[in-house]
Amino acid sequence: MGLFTRRKTVMVDSDILVIGGGMGGCGATYESRYWGRDLKIVCVEKANIERSGAVAQGLYAINCYMGMQWNENRPEDHVRYARNDLMGLVREDLGYDIARHVDSTVHKFEEWGLPIMRDPETGRYQREGKWQIMIHGESYKPIVAEAARKAATEVYNRIMVTHLLMDKTRPNRVAGAIGFNVRNGNFYVFRAKAVIVAAGGASHIFKPRAVGEGMGRTWYAPWSSASAYALPILVGAKMTQMENRIVLTRFKDGYGPVGAYFLHLKTYTQNGYGQDYEPTWYESIKERVGDYVERHPVPTCLRNHALLEEVKAGRGPIRMVTKEAFKDPHKETVGWENFLGMTIGQAVVWASQNIDPKEINPELTTSEPYVMGSHATCSGAWASGPEDCAPSEYQWGYNRMMTVEGLFGAGDAIGGSAHKFSSGSFTEGRIAGKAAVKYVKDLGAEQPQLSEAEYEDLKKIVYKPLENYKVGRNEIVAGTVSPSYILPIHGLQRLEKIMDEYVGGIGAHYTTNEPLLTRGLELLGMLKEDLAHLGAEDLHQLQRAWELQHRVLASECVTQHTLFRTETRWPGYYYRADHPKLDDKDWHCFTLSRYDRDSGKWEMEKAPVYHIVD
Ligand SMILES: Cc1cc2nc3c(=O)[nH]c(=O)nc-3n(C[C@H](O)[C@H](O)[C@H](O)COP(=O)(O)OP(=O)(O)OC[C@H]3O[C@@H](n4cnc5c(N)ncnc54)[C@H](O)[C@@H]3O)c2cc1C
């Protein structure tokens, strides 16, 4: 135990504990204070909420705004849109709940100082698309974080949460969480009456296109490490739609967004021979998904499909035709500014590869898959819906409460409700915060009971990689390969390879089948055994070790769900080669999983999809 003597154990009591200070977490912290003036509200974040999460480097647009004050859209319209984009399967109650409140969130952002562009003629917010409004968003995250900071009793930055704690007197009730400070190594035990998980989604579970020195260059933030899924999974919360990983068409190597190019600059795509290839694939996609291909707008996954097939047919690279649009100086400015607002790296990549979009049509490609719950995808925890509009089967407690009592979620953490984006995730945080306050008030004086034995045992497990390294490194004199431990980077690369080859990553053209998935699960099982031997040379690597643990568990969940759903619901995201078509008869439903941490077994079931909007 000599290793740990300098580390303090810090006990923190709270009424509401918010894990993750991104968009969902800031919303939850802010709203919890509004309804719970006298409550102790604590937000814990592994980075610093000032610049953390997927919005860290700023955004150019808020992608979810109804514009009800100008009769632009109704919440019902957004439900229809998200349902269509997700090939029929969304929790309409959750989506509706966000859509009806999201405008008020955006108005708050503006009040707090976020510059939102206005249409000079109408005075309304400048639209980029039907749902998107344009912002000067470099400081989006600090502005939102300031509101959360002022609302919280305390924000604990630089603490990586590794496990949730359960109440020792009441089964299936959450009682807090543990984590460690990534700078000084102190151990934290948080006791809470309600816990809101808002820890973002998961990148780097599938092998990325850029590896080696470029491996941090992914579309989705490399620090989004699946804690939002692993933490609830470990305590038995049900998860939904985890197979619904997302793949994005983006500018090659820099992952610059293409939306503004298509919508605003009216650019279009061609294959390597300058041909319009999309119509070629219409029949093939129709055969797979039937009428869904006729829907407007065409679902995001289907838009990837033609590009993927064209590349597979050997007619790449696919290019965005920018040469025409960039002749217009206004459009040229918009094209560049689009990156400067949120993906500066794309402009740098173009500069480094001698690409001037006025002279050369830049390449597009599809990303590796990511797991998220707030974009054009809806993986996450299965949550109770709003009292006034959720069907009874979707209600078992407070709004946004998972199937574990007192455990709430927001943003990427909550499944079934896509297209929340930054504003919707903050809104969902607000909804969860309000419900959590109600839960805490209903509990009254009842305090959650922690088991000291449980958190002391977990403490040993949390720091074990430091010990593994300290002991094991004596066996080697140079290099990074040891007979006694694996480093987090080695474990990560092994995970990415398994997911890529067996679960439908880029190397397998996003294709998998039952034998591959079954073998993938066996290999993931072996990887899990080896994680007991992770070695961490310092606190930074200890964080990497726990991020890897979370990624592996979430990956196992993704694989189980992919195996369970015997159809190809979202071609362009992934393909079950043994079930190549969409099957509405058997699979117009949600997939649910529950992990039993004692046996390590997964239980899978279906849940009905209710359409509450016509
Ligand atoms: C590349 C990209 C572009 C996007 N573009 C837009 C756009 O143009 N417009 C728009 O509106 N939306 C956009 N979005 C969507 C938006 O960013 C997300 O919907 C939103 O950030 C989700 O909120 P969240 O709270 O779930 O996750 P995040 O905002 O990512 O926050 C998660 C937080 O949890 C913390 N955390 C993670 N694990 C732990 C742990 N174990 N312990 C403690 N803390 C932890 C993280 O550090 C982070 O601060 C984009 C997303 C991406 C990835």
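## Helix pair α1 and α11

The axes of helix α1 (residues 23-35) and helix α11 (residues 421-443) come within 6 Å of each other and cross at roughly 40 degrees. The model is predicted. Angles under 35 degrees would count as roughly parallel. The α1 and α11 helices are therefore oblique to each other. Their crossing is right-handed.

Which residues in α1 meet α11? On the α1 side they are M23, G24, C26, G27, A28, Y30, E31, S32 and W35. Their partners in α11 are S422, S425, F426, G429, R430, G433, K434, V437 and K441. By class, the contact of α1 with α11 has 7 nonpolar, 7 polar and 4 charged residues. Gly counts as polar here.

## The cavity

Rolling a probe the size of a water molecule over the atoms shows where empty space is left. How many cavities of 30 Å³ or more does a search of the whole structure find? The search finds 1. About 50 Å³ of space lies in the largest cavity.

## Cavity lining

The lining of the largest cavity consists of H78, V79, A82, V90, R91, E92, G95, S417 and A418. The most comes from α2, with 3 residues.

By class, the lining of the largest cavity divides into 4 nonpolar, 3 polar and 2 charged residues.

Key:
Residues are numbered from 1 along each chain as its sequence is written. This is a predicted model: local features need pLDDT of at least 70, side-chain atom pairs count only at pLDDT 80 or more; totals for chains, interfaces and linings use all residues. Side-chain values use heavy atoms; hydrogens and water are left out. On a 1 Å grid over the protein atoms alone, a cavity is a set of points where a 1.4 Å probe fits but cannot get out, and a pocket is an open set with protein on both sides within 12 Å along at least five of seven lines; lining residues have an atom within 4 Å of a point. Grid points are joined across faces, edges and corners, and a volume is the space filled by probe spheres set on the points. Helices (H or I, at least four residues) and strands (E, at least two) are DSSP runs, numbered from the N terminus. Axes are lines fitted to C-alpha atoms, for helices over the stretch in contact, and angles run from 0 to 180 degrees between N-to-C directions. Angles under 35 degrees count as roughly parallel, over 145 as roughly antiparallel, 65 to 115 as roughly perpendicular and the rest as oblique. A crossing is left-handed if the near helix is turned anticlockwise from the far one by less than a right angle, and right-handed if clockwise. Contact means heavy atoms within 4.5 Å.
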